Amino acid sequence: MLASSIAVLLSAQPQNRHGSGAGGHANSGIEKIRAERVAFITSEVGLTAEEAQAFWPVYNRIEEQQKELMKAERSAYIALSKALADGQGDVQKLLDAYIKAKAANVNLHVANVKDYSKVLPTEKVARLFTCEEKFRRQQIGRLGSHGKQPQRAPISQKGKGRQGRQDAADKGAGGKQ
């Protein structure tokens, strides 16, 4: 059972350009997150070994399609933002291209329910969508807990505003105002 579980997890890993599922040092963080996502989805959805064998190739294909659509959406966004900032370009045409790119991304999810339903029962397809969101929120929470969020003022300084906190910090450091 352990051997089949490991084989399923390895087959779930998308292949990189060099043909291996494991990346180099530059990709190790991304590969770690992918491995965590595979384990999370497998557990949360409750995939059996047989379901996983059928599911992961479909999931990986869809993920590649989504990456391409996200690139197109990002490119359309950049072009629209640049046109707005420069005051040049056909804003209506660029806006239409951006909305079309966003819609394609949403439509991919709609179309994929059918693909997932061919390999999983409806309840597990629904679990997939909810657990992907759970995993995304979990990753965002991790980023926030790594000191990326701004520090809050001590409780005694709340309500004083930026200058009041700075004055208190200066006095605490021996400075005079």
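Q: Before we look at the helices, how are the axes and angles defined here?
A: Axes are lines fitted to C-alpha atoms, for helices over the stretch in contact, and angles run from 0 to 180 degrees between N-to-C directions. Please also note that this is a predicted model.

Q: Understood. How many helices and strands are there in the protein?
A: The protein has six helices and zero strands. Read from the N terminus, its elements follow the order α-α-α-α-α-α.

Q: And what share of the residues is buried?
A: Of the 177 residues, 24% count as buried.

Q: Which share of the contacts comes from residues 24 or more positions apart?
A: Among contacts with a separation of 6 or more, such residues account for 64%.

Q: Let us turn to H2 and H3. Where are they, and at what angle do they cross?
A: Helix H2 covers residues 28-45 and helix H3 covers residues 49-86. Their axes come within 13 Å and cross at roughly 130 degrees.

Q: Why is H2 called oblique to H3?
A: The angle is roughly 130 degrees, and an angle over 145 would be needed to count as roughly antiparallel, while roughly perpendicular ends at 115. H2 is therefore oblique to H3.

Q: Is that crossing left-handed or right-handed?
A: The crossing of H2 and H3 is right-handed.

Q: Which residues meet there?
A: From H2 come Arg 34, Arg 37, Val 38, Ile 41 and Thr 42. They meet Phe 55, Trp 56, Tyr 59, Glu 63 and Lys 67 of H3. By class, this contact has five nonpolar, one polar and four charged residues.

Q: Take Arg 37 from that list. Is it buried or exposed?
A: Arg 37, which lies in helix H2, has a relative accessible area of 17%. Buried means under 20%, so Arg 37 is buried.

Q: What does Arg 37 touch?
A: Leaving aside residues up to four places away in sequence, Arg 37 touches Tyr 59, Glu 63 and Phe 135.

Q: New topic: how do H3 and H4 pack?
A: Their axes are 8 Å apart, at an angle of about 170 degrees. Angles over 145 count as roughly antiparallel, and H3 and H4 are therefore roughly antiparallel to each other. H3 passes H4 in a left-handed crossing.

Q: What classes of residue make up that contact?
A: The contact of H3 with H4 has 22 nonpolar, five polar and four charged residues.

Q: Where is Ala 97 found?
A: Ala 97 is found in helix H4, residues 91-117. At 38% relative accessibility, Ala 97 counts as partly exposed.

Definitions and conventions
Residues are numbered from 1 along each chain as its sequence is written. This is a predicted model: local features need pLDDT of at least 70, side-chain atom pairs count only at pLDDT 80 or more; totals for chains, interfaces and linings use all residues. Side-chain values use heavy atoms; hydrogens and water are left out. Helices (H or I, at least four residues) and strands (E, at least two) are DSSP runs, numbered from the N terminus. Buried means under 20% relative accessible area, exposed over 50%, partly exposed in between (1.4 Å probe, protein chains only). Contact means heavy atoms within 4.5 Å. Angles under 35 degrees count as roughly parallel, over 145 as roughly antiparallel, 65 to 115 as roughly perpendicular and the rest as oblique. A crossing is left-handed if the near helix is turned anticlockwise from the far one by less than a right angle, and right-handed if clockwise. Ala, Val, Leu, Ile, Met, Phe, Trp, Tyr, Cys and Pro count as nonpolar, Asp, Glu, Lys and Arg as charged, and the others, Gly among them, as polar.
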